[in-house]
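Student: I am new to this structure and would like a close look at the patch on its surface. Please start there and then guide me towards the inside.

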Amino acid sequence: LLPSIGSPDPWWRLLDGWRTTIRGPRLADTLALLFDAPAFRHDFERCPASPNGHHARLGGLLQHTCEVAHLALATAAVTPGADRDLVLAGALLHDIGKVESYRWNGVFELTVPGRTIGHVVLGARMLDRAVARAPHIQCTLHELDLLHHLVLSHHGRLEYGSPVLPLSLEGEILCYADLTSARTASFQEALVNPELFAG
């Protein structure tokens, strides 16, 4: 049996609760294109955050996303000039491409697009497709550019898979929130691994 976070319901309550706090209606409507779509929610709550690294379990992506949002919001709250709504939107969207990058039926593995394109660019493409399918425009082109920048820069370095570096305060906050969630989860898993502490 694949490892799992258990019921996704508490994590969805947290994520959906944060969405209701977004003051900008265009930003909230853009997030709703994905997070109100039943098919997307079905996959998002099952997808691992990695095939064999941090949060490598069913629902790991949902858990990791909530951790990143929590860390990013805490940082934005003590950072003058940070746009809280944009930070939150970026945190919720940053890893959506993993839904198309990974398979989790019986084993965690990369898909062909996951190998050849990668989840960062796949996430930007998913956002584009969601906006293009919408019956009316949810956000301005400038706002969409800001969201794309957050998705595309969230790994922080070119050698880590980001096609661009963070060039905004919100991008820098998101990058370090993502790194913190991933590294602390990996550290926690290492601490309880008996093979690493064999006497």
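**From a surface patch to the core**

Tutor: Let's start with Leu191, which is partly exposed at a relative accessible area of 49% (buried means under 20%, exposed over 50%, and partly exposed in between, with a 1.4 Å probe and protein chains only). Before we go on, please keep in mind that this is a predicted model, where local features need pLDDT of at least 70 and side-chain atom pairs count only at pLDDT 80 or more, while totals for chains, interfaces and linings use all residues. Residues are numbered from 1 along each chain as its sequence is written, and side-chain values use heavy atoms, with hydrogens and water left out.

Leu191 sits in helix α10 (helices are DSSP runs of H or I with at least four residues, strands are runs of E with at least two, and both are numbered from the N terminus). Together with Phe187, Val192, Leu196 and Phe197, Leu191 makes up a nonpolar surface patch whose accessible area is about 580 Å². To join such a patch, a residue needs over 30% relative accessible area and no salt bridge, and nonpolar side chains (Val, Leu, Ile, Met, Phe, Trp, Tyr) are linked within 5 Å, like charges within 9 Å. The areas themselves come from the Shrake-Rupley method with a 1.4 Å probe, and for residues only the protein chains shown count as cover.

In soluble globular proteins, nonpolar side chains tend to be buried together. Here the largest nonpolar core has 46 residues, and the members touching the most others are Leu15, Phe35, Phe40, Phe44, Leu93 and Ile96 (a core joins buried Ala, Val, Leu, Ile, Met, Phe, Trp, Tyr and Cys through side-chain atoms within 4.5 Å). Helix α10 (169–191) is among the elements that give two or more residues to this core, and so are α1, α2, α3, α4 (60–77), α5 (84–93), α8 (119–133) and α9. Helix α4 provides the largest share, eight residues. Take Leu15 as an example: beyond its neighbours within four places in sequence, Leu15 is in contact (heavy atoms within 4.5 Å) with Phe35, Phe44, Leu62, Thr65, Cys66 and Leu92.

Helix α9 also carries His148, a buried residue with a relative accessible area of 12%. Setting aside residues up to four places away in sequence, His148 touches Ala124, Leu127 and Asp128. Another histidine, His55, lies in the loop between α3 and α4 and is buried at 0% relative accessibility. Most residues other than glycine have a negative phi. His55, in contrast, has a positive phi, near 50 degrees.

Finally, look at the charged side chains. The structure has eleven salt bridges (a Lys or Arg side-chain nitrogen within 4 Å of an Asp or Glu carboxyl oxygen). One of them pairs Asp16 with Arg41, with the closest N and O atoms 2.7 Å apart. Asp16 is partly exposed at 22% relative accessibility, and a network of salt bridges links Asp16, Arg19, Asp36 and Arg41. In another salt bridge, Arg26 meets Glu143 at 2.6 Å, N to O. Arg26 is in helix α2 (residues 25–35) and Glu143 in helix α9 (residues 141–153), so this pair ties together parts 117 residues apart in sequence.
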